[in-house]
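Keep the viewer open as you read.

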Amino acid sequence: MNVPAQAARMGQPRPAQARDKGEARPALSRDKGEITPAQARDELETSPALSRDDGQITPGRDEGGAGHLDLLILGLNYAPETVGTGRYTAGMAEWLAARGHRVRVVAAQPYYPAWRVFDGYRRALPRRTREAGVEVWRCPIHVPRRPGGLKRLLHHASFAAVAALVLPLALSRGRPDVVLVIAPSLVSAPVGWLAARVTGARAWLHVQDLEVGAALATGLLRAGRIGRIARAYEGWALRRFDRVSSISAPMLAQLAAAGVTPARLAEMRNWSDLGPPPPGAEVQALAARLGVAGQDVVLYSGTLGTKQGLELLPDLARRLAGRPRFRLLICGEGPGLAPLRAAVGGLPVTLCPLQPAADLPALLSLARVHLMPQTAGAADLVLPSKLANMLASGRPVVATAVPGTALAAEVAGCGLVVPPGDGAALADAVAALLDDPARAAAFGAAARRRAATRWSQDAILTAFEAELLGTLPATARAP
């Protein structure tokens, strides 16, 4: 998908509008209890905003809402998770709901990146709420404390199993036009595909991570018979969908190599939260709270997992420990936190949890340099979502990536790229930017411009909306 061109054709976003004018459908409550099948049937019977034309349920066509979609999203991660896939699935759902589309989401209880269900969400039964105009069904799932290969597979399988039970309840409230499955988790993809086929909806798969390749590259999954079975399943699942999108051109090439017809592929990037730079007083106050005021802060903020190449961080701190103002600030959570904490003892390193979303602009702005480490095998299998906001902060990025990969291409001109696993090269690159403020500022200005031109939420989602509307019959799309 050519994002800028399609966004220009679609024009500027329409003002947010309520989908159900006059609130014909009873509002979904934010009750703390669980939803039973009987309650779902009762609410369906009192839902007059669903019109029935020739025996088919269509989403709100009787409200004069021509061109509006009924979208059902099946995705493991969702808000209030603030990092990774969940924040983009929620951002997309809420943006489309504000445009007047009906959006339903079936997701897991929030748990990422700490791999612990958030306080207030642990329940034994599914729960339905309405959040920012989106109907959200929460599925109870298994969340392992140490997500190794088999434990992670069971985690994904638990979501697929519970989602298979919850989806009929969500579907009882009306037939969707499109069922959009978010990967991760590819294990649940057949559940969403089947829901689309049963209801006559279009089946769309959006790939945030190429999970099998990333698992093989990071050692979570072993090559050999198990790896071949996983690859075969991945190819089978990908080829089932009417439309498959992903977040970068190299990832689309990987999907094509897995057997997806190029005509069915589309690019939909993640986006940056591009706002004005935060006031200096906010940045200084946050630096003081984190204990890094007056330091040359080199920042890593995000998930502490296996794809990130985190073993380079203690090595970087050791190599630059002799610089009097150097401070490595690591803000994150995940299974890699405990070994990382043990490895940085006595080094100029500050560890802290992920910061609230409201503090993210100030956190990114207090850095002199951003770090984007990544293992060699994962460079074209995932494009880290945190990169967009790094660029938007107007600070230079140092990434570990192989030339020619998506990550290397995005960072080029906005920072420095060094070989994965090369601790000396990483330290030299960071030191070079700390010692040359003018060069660092030029890279940072280029990064800010790139975020504005390539990573605009409105442009990306307007183009995606046009693709979704293209799945409707011509009579439904006509104004």
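A residue is called buried when its relative accessible area is under 20%, exposed when over 50%, and partly exposed in between, using a 1.4 Å probe and protein chains only. By that rule C331 is buried, at 0% relative accessibility. C414 also counts as buried, at 0%.

Please keep in mind that this is a predicted model: local features need pLDDT of at least 70, side-chain atom pairs count only at pLDDT 80 or more, and totals for chains, interfaces and linings use all residues. Residues are numbered from 1 along each chain as its sequence is written, and side-chain values use heavy atoms, with hydrogens and water left out.

How many disulfides does a search of the whole structure find? It finds zero, where a disulfide is a pair of cysteine sulfur atoms within 2.5 Å.

## Two cis peptide bonds

Most residues other than glycine have a negative phi, and most peptide bonds are trans. Now look at A79 and P80, which are joined by a cis peptide bond with omega of about 15 degrees. P80 sits in the loop between β3 (70–74) and α3 (85–98); helices here are DSSP runs of H or I with at least four residues, strands are runs of E with at least two, and both are numbered from the N terminus.

A cis bond also links A183 to P184, with omega of about 5 degrees. You will find P184 in the loop between β7 (178–183) and α5 (189–199).

## Two positive phi angles

W115 is not a glycine, yet its phi is positive, at about 55 degrees. This tryptophan belongs to the loop between β4 (102–108) and β5 (127–131), and W115 is buried, with 5% relative accessibility.

A132, likewise not a glycine, has a positive phi of about 55 degrees. Its loop runs between β5 and β6. Is A132 buried, partly exposed or exposed? With a relative accessible area of 48%, A132 is partly exposed.

R146 is exposed, with a relative accessible area of 67%.
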